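This report is meant for a reader meeting the structure for the first time. Please look over the sequence and the model before reading on.

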Amino acid sequence: MILQPRIRGFVCVTAHPEGCAENVREQIALVRSRGEIPGGPKNVLVIGASTGYGLATRIAAAFGSGAKSVGVAYERPGTPDHCASAGWYNNAAFHREARKAGIGAWSVNGDAFSAKVKEETLALVKANLGKLDFVAYSLASPRRTDPQGKTWKSCLKPIGQAFEAKHLDTDRHQVVTVHVDPATEEEIEGTVKVMGGEDFELWVKALAEADLLAPGAKVVAYDYIGAEVTFPIYHDGTIGMAKKHLYATAARLNAALAPKASVFLSVNKAVVTQASSAIPAVPLYISILFRVMKEKGLHEGCIEQMDRFFREKLAGKTPIMDAEGRVRLDDWEMRPEVQEVATRLWKEIETETLRQQSDYNGYEEEFLRLFGFGFTNVDYSKDVATDIPFEG
Ligand code: NAD
């Protein structure tokens, strides 16, 4: 097939296998350019491993410290006349590169919330990795079917009162006003069921019961706090409520497993991913943030974040954490000098100044790259095979 981007709102419905492979290779090259990660992980499980933070975690561990890994994702395969999802192609490319480098990699494609996928994953870990020294939980999902068979939906809504704020209309390239009504009790509960700690706990308990956590193992789930302008829709909204539940769950699991293993959250910075592009107001905030952080030489994407996570935050015997026991990879984003400028630009920005007052160009580029488009060394006029195997 000849594949071009087909964007529908905040998703691109096409993905390019060679472009996705290029994206994976660039991430690998970045990690390699920084040299080996001293004391980095060796046996890794990543749940949500095919895109965004999970993919970057797997790449940083595999190519930074030679970690063998099992990755879990839920991606759509391709057929001869229909392309697969970007995460499918990313996973295939990760496997090809790992194979070339002689690094062990195994993957499961299926619903991580299900007991079946948990069992399959644990069997793969047992057979190929043995005890894990690092586990990352990096799921971002709109729904979850729980062990009782009930399906819950998550949503991105404020709690208590409506949210009205600036927002980016990426179809029209305009700064508009978004209005989101407050969530109902049912929507809050649903979001906590999907994105809170319940499933994380099932994974951690299953791994501990199967004796698959090595002494000193680190188990991390990802969180976001962000700027005050996004608080009503994120930190204080339905997703923030779910993250608070995730935090409380991690703290409880940490207490139960200590000193054998530590369970904690890492608060990561705002980056362009399929998940973040769906949040009202966040793409505009990210475009502004990118401009400010690039100007100050502080810009990072998923791979720079995860590389710094292993290299800096996890380098010592115990991870570097804040007073609440969380790793803060958003430390550069939250610097006062970054937030002050971002807040000012947020107030001032309008459609007419969008490309000057923010790095919307950079945002658009990164968005396309998520789906394998916009790489100068990929020939997009060429016919490519779309039905490649998940493990490359
Ligand atoms: P993403 O959409 O890029 O990745 C989600 C991953 O989850 C994919 O690998 C996908 O295949 C997998 N997945 C989704 N549903 C699944 C299911 N049912 N079974 C198996 N796999 C499934 O998302 P992301 O932005 O990288 O988010 C990952 C985590 O990082 C989330 O917890 C998010 O809150 C957090 N985070 C994101 C940002 C950001 O700006 N994007 C910032 C801080 C923290």
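## Cysteines

Which cysteine sulfur is closest to the sulfur of cysteine 12, and how far from it does it lie? The model shown here is a predicted one, and in it the closest cysteine sulfur to that of cysteine 12 belongs to cysteine 83, at 8.0 Å, which is too far for a bond. A disulfide is a covalent bond between the sulfur atoms of two cysteines. When the whole structure is searched for such bonds, the number found is 0.

Two of the cysteines can also be described by their accessibility. Cysteine 12 counts as buried because its relative accessibility is 7%, and cysteine 155 likewise counts as buried, with a value of 16%.

## Aromatic pairs

A pair of aromatic rings is described by the distance of the centres and the angle of the planes. The structure holds 11 aromatic pairs. One of them joins phenylalanine 134 to phenylalanine 310 in an edge-to-face arrangement, with 5.0 Å from centre to centre and 70° between the planes. This pair links distant parts of the chain, since phenylalanine 134 belongs to strand E6 (residues 132–137) while phenylalanine 310 belongs to helix H9 (residues 302–313), and the two are 176 residues apart. Phenylalanine 134 is buried, at 2% relative accessibility, and phenylalanine 310 is buried as well, with a relative accessible area of 3%.

Another pair is made by phenylalanine 373 and tyrosine 380, whose rings are tilted, with 35° between the planes and 5.7 Å from centre to centre. Phenylalanine 373 counts as buried, at 2% relative accessibility, and tyrosine 380 is also buried, with a relative accessible area of 14%.

## Charges over rings

Which residue has its charged end over the ring of tryptophan 152? The residue is lysine 150, whose charged end sits 4.5 Å from the centre of that ring.

## Surroundings of the ligand

There are 30 residues around the ligand, and among these Ser50, Glu75, Ala112, Lys243 and Thr273 come nearest. Helix H2 (52–65) supplies at least two residues of the shell around the ligand, and strand E11 (213–223) supplies at least two as well.

A backbone N or O atom of valine 271 lies 2.9 Å from a ligand oxygen, a polar backbone atom of tyrosine 222 is 3.4 Å from an oxygen atom of the ligand, and for a backbone N or O atom of leucine 139 the distance to a ligand oxygen is 3.5 Å. On its own the ligand has 840 Å² of accessible area, of which the protein covers 93%.

## Proline 41

Where in the chain does proline 41 lie? Proline 41 is found in the loop between helix H1 (17–33) and strand E3 (43–47), and it is buried, with a relative accessible area of 8%. Although proline 41 and alanine 61 are 20 residues apart along the chain, their C-alpha atoms are separated by 6.1 Å.

How values were computed:
Residues numbered from 1 in each chain as written. Predicted model: local features only at pLDDT ≥ 70, side-chain atom pairs only at ≥ 80, totals over all residues. Heavy atoms only, no water. Phe/Tyr/Trp six-rings, centres within 6.5 Å; stacked < 30°, edge-to-face > 60°. Helix = DSSP H or I, 4+ residues; strand = E, 2+ residues; numbered from the N terminus. Buried < 20%, exposed > 50% of the residue type's maximum accessible area, 1.4 Å probe, protein only. Lys NZ or Arg CZ within 6 Å of the ring centre and 35° of its normal. Disulfide = S-S within 2.5 Å. Near = heavy atom within 4 Å. Polar contact = N/O pair within 3.5 Å; in protein donor to acceptor, adjacent residues only side chain to side chain. Areas by Shrake-Rupley, 256 points an atom, 1.4 Å probe, with all protein chains shown as cover.
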